[in-house]
2 protein chains.
Amino acid sequence: MIHFEVIKKHSHSSARLGLLTTARGKIETPCFMPVGTQATVKALTPDDLRGFGAQIILGNTYHLYLRPGHELIRSLGGLHKFMNWPHPILTDSGGFQVFSLNELAKVSEEGVAFQSHLDGSSHFISPERSIEIQEALGADIIMAFDEPTPHTADLGQTEKSLLLTTRWAKRCKDALQSEDQALFGIVQGGMFPELRQQSARQIMDIDFPGYAIGGLSVGEEKSLMYDITGHTAPLLPANKPRYLMGVGTPEDLLQCSSMGVDMFDCVMPTRNARNGSLFVKGGRINLRNAQYKSDSGPIEADCPCYTCKNFSRAYLRHLLMAGEILAMRLLTLHNSTFYQQWMASLRKAIAEDVPFNLDWSDQILSG
Amino acid sequence: MIHFEVIKKHSHSSARLGLLTTARGKIETPCFMPVGTQATVKALTPDDLRGFGAQIILGNTYHLYLRPGHELIRSLGGLHKFMNWPHPILTDSGGFQVFSLNELAKVSEEGVAFQSHLDGSSHFISPERSIEIQEALGADIIMAFDEPTPHTADLGQTEKSLLLTTRWAKRCKDALQSEDQALFGIVQGGMFPELRQQSARQIMDIDFPGYAIGGLSVGEEKSLMYDITGHTAPLLPANKPRYLMGVGTPEDLLQCSSMGVDMFDCVMPTRNARNGSLFVKGGRINLRNAQYKSDSGPIEADCPCYTCKNFSRAYLRHLLMAGEILAMRLLTLHNSTFYQQWMASLRKAIAEDVPFNLDWSDQILSG
């Protein structure tokens with residue numbers, strides 16, 4: 001199981017410096033979890049991940065269930081051994097992908113029927129089935145199976161959905177047999193503060209070792225995402241980790257850390273990298289831009305990543321334009337390093353109790 | 001420039017153990033040069049290359065001329081600096097690709113007119129232009145611009161082609177201004193031993209610091225390739241390096257090393273890797289095969305590569321089937337390591353003057 005300790009509170013915001021201890025290692029929070037959808041953070045090895053300081057990564061249950069299959073992974077010793085990552089892993093429940101990758105997914109009280117995005121085959125995932133799959137994968141932290149609510153849902157739809165999520169959360173807890181996996185509950189409630197409060201109360205009543213805020217960063221206005229996060233985070237127990245799912249830009253990480261969120265995940269650094277969109281102090285640059293064609297400098301002068309220490313923008317742009325696989329790895333290394341460095345700087349600010357540099361990030365890190 | 005020394009002759013074959021010294025480092029021969037077409041050996045970093053013992057790599061002039069352009073590379077300090085590979089590089093002349101990638105290439109006494117395979121734009125490369133481009137790239141060893149002869153050409157066509165190659169070789173030598181690049185001549189003559197002899201004599205008359213055998217491994221029968229190599233290699237000066245272009249399988253490297261060839265290059269280890277075709281003792285395996293789906297063992301038990309030390313066939317097969325970029329890197333690492341280990345074992349056999357294990361390789365390494 002896990003142990004969470006708040007080491008220091010930020011006097012300038014609601015941010016907390018925390019230490020999340022699992023059987024496979026400690027995680028300093030606030031933390032960012034690189035996304036390893038298909039048992040790999042795209043283009044990176046486990047050595048690469050440790051090299052830039054990743055302490056925990058995320059795996060996607062939906063994808064791993066469909067390919068290569070959770071029973072195969074179980075038979076090979078679980079996800080950690082399968083991908084040779086002996087450090088902490090969190091798996092999501094599959095709920096989000098079932099909906100986002102299957103427009104015709106059918107929800108019932110029992111669960112969700114859907115077709116595989118790979119081959120169209122029919123599948124059914126219930127709360128119990130999600131827990132069974134996540135137990136086979138063996139992540140250190142697993143998530144309750146929820147129904148994500150569209151941000152356009154009205155109050156009635158949203159309440160109906162959050163009530164289903166509550167019933168499913170209870171079934172998830174009842175289904176869990178593994179004693180060394182920590183199951184987190186997920187708060188839904190869409191864009192309605194009163195429903196967020198209702199969901200938080202119900203999910204906390206079930207009692208989990210950690211709580212996530214779900215259903216945000218799904219198309220709503222940024223200010224609304226901040227409002228709902230700022231409203232919801234303080235409703236959650238101060239002594240347990242708070243995880244904001246699927247968020248976000250470097251600025252989002254700063255803003256939401258300051259609201260008391262401890263854990264984040266997002267495909268942004270890795271996906272952007274593969275498109276040539278790179279995070280630098282001063283904003284983002286798109287390496288496809290012709291202005292970098294003969295630029296002999298690194299992506300970022302003081303970045304400690306292998307890419308910045310060894311290669312010029314001109315070379316990296318060439319690899320990108322030529323469709324070379326090496327570009328994917330080198331650019332992913334940079335963006336991932338940027339994110340880990342960014343979280344380390346937030347933790348340092350909390351440890352030293354100095355204000356987050358909001359103006360600065362506002363200006364240069366609007367992702 | 002370069003210095004070549006034959007350190008030991010194999011008493012069981014015509015193989016030689018050599019040391020090729022360049023300003024940027026020494027190369028033990030017989031050697032295999034990984035192919036870095038577009039200023040990268042696909043999916044690998046310079047650290048990866050050094051990790052498995054590559055001492056020299058090959059760059060393709062045709063590709064680099066078209067993208068990013070040789071003048072850009074020159075302005076950034078040359079190919080070594082551009083790709084951060086401070087060790088020896090050999091560039092080809094562009095001749096082979098001009099023909100193989102452009103069905104409508106038009107040859108005249110002056111040179112070759114062709115359209116870019118990237119955007120259809122018109123280009124012209126002459127012997128002088130090829131040398132100018134290769135000087136801009138700055139490789140340690142550069143190649144004369146030749147006309148590769150189709151293996152189906154008759155004796156008349158082949159002789160006409162080799163005579164043009166001879167005139168072009170002379171023009172290449174006359175055009176070379178750089179004093180720190182070694183220009184190798186190329187022997188043509190197709191599938192006709194008497195024409196190989198004629199070409200070798202003419203090219204040696206011009207006098208180069210090294211000689212290549214071109215126009216082989218282009219579709220002819222394997223036994224014919226061996227016959228022509230075995231006929232041509234001993235015609236070349238014993239005190240200069242001999243390079244068999246575009247060859248080949250592990251067995252080819254063994255067979256042709258035993259004929260006195262010192263240098264090889266081929267896309268086979270890297271391209272095959274990306275398709276899941278892996279070299280192992282005992283032959284080749286295709287990782288896409290369902291039999292590896294739950295195989296918990298490494299690609300090869302005693303292989304020293306990062307991939308074999310860290311990942312199972314089942315995991316690598318999953319990455320490959322899922323189209324993950326990481327598969328490209330890990331499988332390329334394995335095949336490239338296999339090739340370097342293979343060359344090291346040939347050099348060891350020469351050094352210890354034990355016979356090459358032809359039966360063994362015959363049986364298990366027919367690529």
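How many residues of chain B are in contact with residues of chain A? In this predicted model, 30 residues of chain B are in contact with 30 residues of chain A, two residues being in contact if their C-beta atoms, placed from the backbone, lie within 7 Å. Local features need pLDDT of at least 70, side-chain atom pairs count only at pLDDT 80 or more, and totals for chains, interfaces and linings use all residues. Residues are numbered from 1 along each chain as its sequence is written, while chains are lettered from A and ligands numbered from 1 in the order in which they are written.

On the side of chain B that touches chain A, at least two residues each come from helix 3 (70-75), helix 4 (79-83), helix 13 (313-321) and helix 14 (325-351) of chain B. Helices (H or I, at least four residues) and strands (E, at least two) are DSSP runs, numbered from the N terminus. The residues of this side comprise 16 nonpolar, 10 polar and four charged; Ala, Val, Leu, Ile, Met, Phe, Trp, Tyr, Cys and Pro count as nonpolar, Asp, Glu, Lys and Arg as charged, and the others, Gly among them, as polar.

Within chain A, three strands form an open antiparallel sheet in the order 8-9-10, where pairing requires at least two DSSP bridges between two strands. Strand 9 (residues 112-115) of chain A is joined to strand 10 of chain A by four bridges.
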